[in-house]
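Open the model in your viewer and keep the sequence panel beside it.

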Amino acid sequence: MALLKVKFDQKKRVKLAQGLWLMNWLSVLAGIVVFSLGLFLKIELRKRSDVMNNSESHFVPNSLIGMGVLSCVFNSLAGKICYDALDPSKYAKWKPWLKSYLVVCVLFNIVLFLVALCCFLMRGSLESTLAQGLKNGMKYYRDTDTPGRCFMKKTIDLLQIEFKCCGNNGFRDWFEIQWISNRYLDFSSKEVKDRIKSNVDGRYLVDGVPFSCCNPNSPRPCIQYQLTNNSAHYSYDHQTEELNLWVRGCRAALLNYYGSLMNSMGAVTLLVWLFEVSITIGLRYLHTALEGVSNPEDLECESEGWLLEKSVSETWKAFLESLKKLGKSNQVEAEGADAGQAPEAG
C-alpha cells in the first residue's frame, strides 16, 4: 500500500508544478546565501591563519561553499523540470531521468544536513587548533626579522586589541616566554644579566605583558611590568587588580566569536535543508502524480501521487533484498572469473 497517497486532478497538478517552480528559484537564492556564508567564514579564518595550527578548520567553509554551488545547480534544474511538467511533450524528455534525479536529491539533502551538524560540532577542533596556534604565535612575537614571521607582533597586538583579550589562556602566558627582542635589551645591565642567568634556557623572562593587553577602561595608567610586585606600584594589589589588563584569554575570545558564527550558519543551513526536503517531497508527488495519469491525452483525468510506493517497512525490506541480490551477483561474477582462469592455469 502506498504511503501518504494524495489524489490530484489537472488543476492540482498545475498548482503543484507552479509552486515547486517558485520554491526552486527561492532555493537558488538560498544556495547563494549558503555559498556567501561559507565564503565569509573562510575569509574570517584566513584573516587569523597565523594563529591557527592547521587547516582542518576550513572543512566547514569549504563544505558550505560546495553545497551552495550544488544547491544552485540542482534547484535550477528542478525549476526547469517543474516548468516543463506543464507540457506533456516537454516533460517526456525528463521522465526517464526523474527517478534518478530524486535519488540524487535525497543524497544531497543528507549531505546538507551533515554539513549543518558540522557547523555546530566544529568548536572542538577549532579549540585545539587555536590553542596550539596561539601558543606558537606568541613565541614568534619578538622575532620581527624572521622570514614568514615578520608581522606576527602586529598580528598578535591587533588580535588582543580587537577581541579585548590577553595571551592564550590569560595574561600570565606572557610570563612564560621571552616576548622582548634581544636587540632592545641592554646586556651590560646587571638586572638583564641576572634574569637571563636565573633562567635555565637563557631567556629574558619578565612578569610583564605587551601594551595591547592594557584595558583602556582601567581608572589608572596601564601597568605592564612587575605585575606580581605589589611594592613596585602605589596602591596596587595584583590579586585584585582586574581592570588594568584584559583578563580573558584570546583562545576563549576567538572561540566565542567563531562559535557564534558557526551556530548562526548552522541554523541558516538547517532552514535551507528543511526547504530542500519540502521541495524533494513535492517533486516526488509531482513525479508519481504524472506517472499515474492513465491516459496522457486526457489531461483532465485524475491521478494519485504518493511519497513511497509501499510502506516504510516494505520499502526497507525491498532495499535490503536488492543489496543482497547485488552482493550475490558480484560473488557469482567473481566465481566465474576464477573458473575461467583455472583451465588456463592447467
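This is a predicted model: local features need pLDDT of at least 70, side-chain atom pairs count only at pLDDT 80 or more; totals for chains, interfaces and linings use all residues.

## First stop: a tyrosine pair

Select Tyr257, which counts as partly exposed at 27% relative accessibility. Here buried means under 20% relative accessible area, exposed means over 50%, and partly exposed lies in between, using a 1.4 Å probe and protein chains only.

Residues are numbered from 1 along each chain as its sequence is written, and side-chain values use heavy atoms, with hydrogens and water left out.

## The whole chain

Colour the protein chain by secondary structure. How many helices and strands does the protein chain have? There are nine helices and two strands. Helices (H or I, at least four residues) and strands (E, at least two) are DSSP runs, numbered from the N terminus. Followed along the sequence, the pattern is β-α-α-α-α-α-α-α-α-β-α.

Of the 346 residues in the protein chain, 38% are buried.

Contacts are heavy atoms within 4.5 Å. Among contacts in the protein chain with a separation of 6 or more, 74% are between residues 24 or more positions apart.

## Annotated spans

Residues 101-122 are 95% helix and 0% strand, with the end C-alpha atoms 31 Å apart. Residues 255-275 are 100% helix and 0% strand, and their end C-alpha atoms are 30 Å apart.

## Disulfides

Show the cysteine side chains. A disulfide is a pair of cysteine sulfur atoms within 2.5 Å, and the structure holds three of them.

Start with Cys165 and Cys250, which are joined with an S to S distance of 2.1 Å. Why does this pair tie together parts that are 85 residues apart in sequence? Cys165 lies in the loop between α6 (152-163) and α7 (190-198), whereas Cys250 is in helix α8 (residues 250-291). The link of Cys165 and Cys250 is right-handed, with 85 degrees about the S-S bond. Both Cys165 and Cys250 are buried.

Next select Cys166 and Cys213, whose sulfur atoms are 2.1 Å apart in a disulfide. Cys166 is in the loop between α6 and α7 and Cys213 in the loop between α7 and α8, so this pair ties together parts 47 residues apart in sequence. Cys166 and Cys213 are both buried.

The remaining stop here is Cys214 and Cys222, a disulfide with sulfur atoms 1.8 Å apart. The torsion about the S-S bond of Cys214 and Cys222 is about -75 degrees, so the disulfide is left-handed. Is each cysteine buried or partly exposed? Cys214 counts as buried at 15% relative accessibility, and Cys222 is partly exposed at 31%.

With the bonded cysteines of the protein chain numbered in sequence order, the pairing is 1-6, 2-3, 4-5. Cys119 is in no disulfide, since the nearest cysteine sulfur, that of Cys118, is 7.2 Å away. Cys119 is buried, with a relative accessible area of 1%, while Cys118 is partly exposed at 27%.

## Aromatic rings

A pair of aromatic rings is described by the distance of the centres and the angle of the planes. Rings of Phe, Tyr and Trp (its six-membered ring) pair if their centres lie within 6.5 Å; planes under 30 degrees apart count as stacked, over 60 as edge-to-face and the rest as tilted. The count comes to ten aromatic pairs.

Select Trp179 and Tyr225. Their ring centres are 6.2 Å apart and their planes at 15 degrees, so the pair is stacked. Trp179 is buried at 8% relative accessible area, and Tyr225 is partly exposed at 42%.

Return to Tyr257 and Tyr258: their ring centres are 5.2 Å apart with planes at 65 degrees, so this pair is edge-to-face. Finally, select Tyr141, Trp174, Trp179 and Tyr225, which form one aromatic cluster.
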